[in-house]
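Subject: Structure handover

Hello,

Here is the structure I said I would pass on. Please look through it before reading the notes below.

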Amino acid sequence: MIKSDLIGRIASQNPHLYQRDVANIFDEIVKALSRGDRVELRGFGAFSAKIRGARKGRNPRTGAEVRVAQKAIPFFKTGKEMRSGCRFYAGRKR
């Protein structure tokens with residue numbers, strides 16, 4: 001399922017919401033993460049930004065050492081209900 005499919009499904013199940021309103025929810029999650037906030041959706045999981053420190057890396061083509069700057073990366077931790085729901089499907093073919 002892609003983002004537009006998910007937005008369409010949520011909007012169809014909630015007729016009082018327009019698709020643009022549902023899409024704004026995803027935009028707000030991104031904005032909150034860029035501010036350094038944590039976004040928690042009970043039963044689903046929590047989004048946060050983790051800081052990855054500066055380090056020395058290597059250019060895979062030339063092997064030359066390259067400095068990689070500090071950066072923030074998005075991180076998602078699943079909620080308890082999601083983990084238990086995924087275990088149900090673990091033995092099935094998809």
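Predicted model: local features only at pLDDT ≥ 70, side-chain atom pairs only at ≥ 80, totals over all residues.

Pocket

The largest pocket holds about 390 Å³ of space. Its lining consists of Leu6, Ile10, Val22, Ile25, Phe26, Ile29, Val30, Leu33, Val39, Leu41, Phe44 and Phe47. Three elements each give at least two residues to this lining: α1 (3-13), α2 (19-35) and β1 (39-41). The largest share belongs to α2, with six residues.

Surface patch

Leu41 and Phe44, both named in the pocket lining, also belong to a nonpolar patch on the surface, together with Phe76. The accessible area of Leu41, Phe44 and Phe76 together is about 230 Å². Phe76 sits in strand β5, which spans residues 71-78. With a relative accessible area of 30%, Phe76 is partly exposed.

Ile73 and Ser48

Ile73 is also found in strand β5. Its relative accessible area is 26%, so Ile73 is classed as partly exposed. Leaving out residues up to four places away in sequence, Ile73 touches Ser48, Ala49, Lys50 and Arg52. For a sense of distance, Ile73 and Ile29 are 44 residues apart in sequence, and their C-alpha atoms are 14 Å apart in space.

Ser48 is part of strand β2, residues 45-52. Is Ser48 buried or exposed? Ser48 counts as buried, because its relative accessibility is 18% and the cut-off for buried is under 20%. With residues up to four places away in sequence again left out, the contacts of Ser48 are Leu33, Asp37, Arg38, Ile73, Pro74 and Phe75. One of these, Leu33, is also a lining residue of the largest pocket. Two others, Asp37 and Arg38, come up again below, Asp37 in a salt bridge with Arg35 and Arg38 in one with Glu40.

Salt bridges

Side chains of opposite charge can pair when their charged atoms come close. Across the whole structure, a search finds four salt bridges.

One of them joins Lys31 and Glu28, whose closest N and O atoms are 3.7 Å apart. Both residues lie in helix α2, three residues apart, or about one turn of the helix. Lys31 is partly exposed at 44% relative accessibility, and Glu28 is partly exposed with a relative accessible area of 43%.

Another salt bridge brings together the side chains of Arg35 and Asp37, with an N to O distance of 3.2 Å. Arg35 counts as exposed at 55% relative accessibility, whereas Asp37 is partly exposed at 35%.

The side chains of Arg38 and Glu40 also meet in a salt bridge, at 3.0 Å from N to O. Arg38 is exposed, its relative accessible area being 55%, while Glu40 is partly exposed at 40% relative accessibility.

If you want a place to begin, bring up Ser48 with its contacts, which include Ile73 and Arg38, and then follow Arg38 to its salt bridge with Glu40.

Regards

How values were computed. Residues numbered from 1 in each chain as written. Heavy atoms only, no water. Patch = residues over 30% accessible without salt bridge, like charges linked within 9 Å, V, L, I, M, F, W, Y side chains within 5 Å. Areas by Shrake-Rupley, 256 points an atom, 1.4 Å probe, with all protein chains shown as cover. Helix = DSSP H or I, 4+ residues; strand = E, 2+ residues; numbered from the N terminus. Buried < 20%, exposed > 50% of the residue type's maximum accessible area, 1.4 Å probe, protein only. Contact = heavy atoms within 4.5 Å. 1 Å grid on protein atoms, 1.4 Å probe; cavity = no way out; pocket = protein on both sides within 12 Å on 5 of 7 lines; lining within 4 Å. Points joined across faces, edges and corners; volume = space filled by probe spheres on them.
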